[in-house]
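Here are my notes on the model, in numbered points. Please read them beside the coordinates.

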Amino acid sequence: MKLKTVFLASVAAVTLPISAMAADMTLRFGHVGNPGSLFEASANAFAECANGRLGDRAEVQAFGASQLGNDRELLQKLKLGQVDFSLPSSVMSSVAPEFGVFEMPYIVQDRDHMRRIQAELGDVFQEAAQEEGYRIIGYFENGFRHITNNIRPITVPADLQGIKLRTPNGEWRVKMFQLYGANPTPMAFSEVFTALQTKVIDGQENPYAQIASAKFQEVQEYLSITGHVYTPGYVLVAESRWQRLPEDVRADLETCGAETQDFVYEHAAKLEEELLQEIRDAGVQVNEADNAAFIEASAPIYEEFASSVDGGADLIERIQELASGS
């Protein structure tokens with residue numbers, strides 16, 4: 001009986017690697033998106049595409065809700081080899097100054113405009129990332145951002161006067177809201193709900209997908225539709241890690257970075273309609289902001305970016321030219 005048990009165990013040891021062997025490599029994808037967020041859907045779609053292509057050569061595993069760290073921590077962990085991919089957005093403006101152009105209010109008109117920017121100027125952002133030790137292998141999105149708060153509806157910039165508003169860790173977002181008269185408070189996304197609930201801050205600004213998935217509608221009274229900034233999301237990897245991956249693995253990952261973008265944009269557009277209604281249904285008072293007033297008030301930040309960032313003026317001009325598809 002004992003010999004039979006040993007024999008069966010030996011057979012299992014031989015046959016299991018054929019049918020249930022783990023992938024040769026596990027690639028960890030960390031992001032800050034909560035369950036139900038666009039980030040979660042995007043990272044999962046990328047992982048599904050990658051795993052379908054990679055077979056047993058490698059497996060991408062996605063970890064959301066800041067399980068592997070907040071945006072800044074994930075950038076560091078990429079360099080240390082503790083995480084393989086992350087999905088930063090606004091924080092990229094603190095990595096290289098060129099990414100700050102996406103912090104300019106109302107500079108990106110829509111997703112088709114963003115596709116043209118990526119096609120015409122992608123090399124500019126890739127080179128900027130690589131100079132800092134990173135590589136972009138896909139463009140996803142965080143989306144068009146809107147303002148929520150517990151003080152008053154925001155129709156024009158003056159309505160933001162004195163409001164304690166959480167922003168991501170990026171200098172241009174802070175400068176923008178200082179310009180509008182708010183009191184911007186940089187804070188990790190994972191800390192925002194509690195800060196709103198305990199009234200440490202009055203409000204925040206994010207796309208509907210982040211607002212709804214983080215349940216901010218439970219602790220906010222007003223949503224003002226400003227659409228003040230469109231933030232891309234970048235599928236990011238450390239350049240050193242990228243170069244150590246086999247060439248065929250890199251090719252499949254790049255293919256999935258490109259292919260998943262279509263899903264991300266379609267899903268994001270769908271969520272915009274669904275989640276605005278969900279936020280309304282939670283009892284949040286919704287109003288349309290006066291975009292022209294915000295655009296007029298934003299001129300100084302464009303001027304500062306153009307004068308302080310090397311090539312900034314040309315970058316702004318080229319992106320604005322692409323707005324019409326010319």
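1. Helix 12 first. Its buried residues pack against two other helices: helix 4 (111-131) and helix 11 (299-308). Keep in mind that this is a predicted model.

2. Which residues of helix 12 are buried? Helix 12 spans residues 312-321, and its buried residues are G312, L315, I316 and I319. Viewed down the axis of helix 12, they fall within an arc of 100°, so they line one face of the helix. An α-helix has 3.6 residues a turn, so residues three or four places apart point the same way.

3. I117 is worth a look. Leaving aside neighbours within four places in sequence, I117 is in contact with F102, V108, G122, F125, I319 and L322. One of these, I319, is among the buried residues of helix 12.

4. Now the largest nonpolar core. It has 101 residues. F46, V60, F99, V101, I117, F125 and L253 touch the most other members. Helix 9 (residues 247-281) gives the most to this core, with 10 residues. In soluble globular proteins, nonpolar side chains tend to be buried together.

5. One pairing in detail. Strand 5 (residues 146-149) and strand 8 (residues 203-206) run antiparallel and are joined by 4 bridges. Where does N149 find its bridge partner in strand 8? At G203.

Definitions and conventions: Residues are numbered from 1 along each chain as its sequence is written. This is a predicted model: local features need pLDDT of at least 70, side-chain atom pairs count only at pLDDT 80 or more; totals for chains, interfaces and linings use all residues. Side-chain values use heavy atoms; hydrogens and water are left out. A nonpolar core is a set of buried Ala, Val, Leu, Ile, Met, Phe, Trp, Tyr and Cys residues joined through side-chain atoms within 4.5 Å. Buried means under 20% relative accessible area, exposed over 50%, partly exposed in between (1.4 Å probe, protein chains only). Contact means heavy atoms within 4.5 Å. The arc is that of the directions from the helix axis to the C-beta atoms. Two strands pair if DSSP finds at least two bridges between them.
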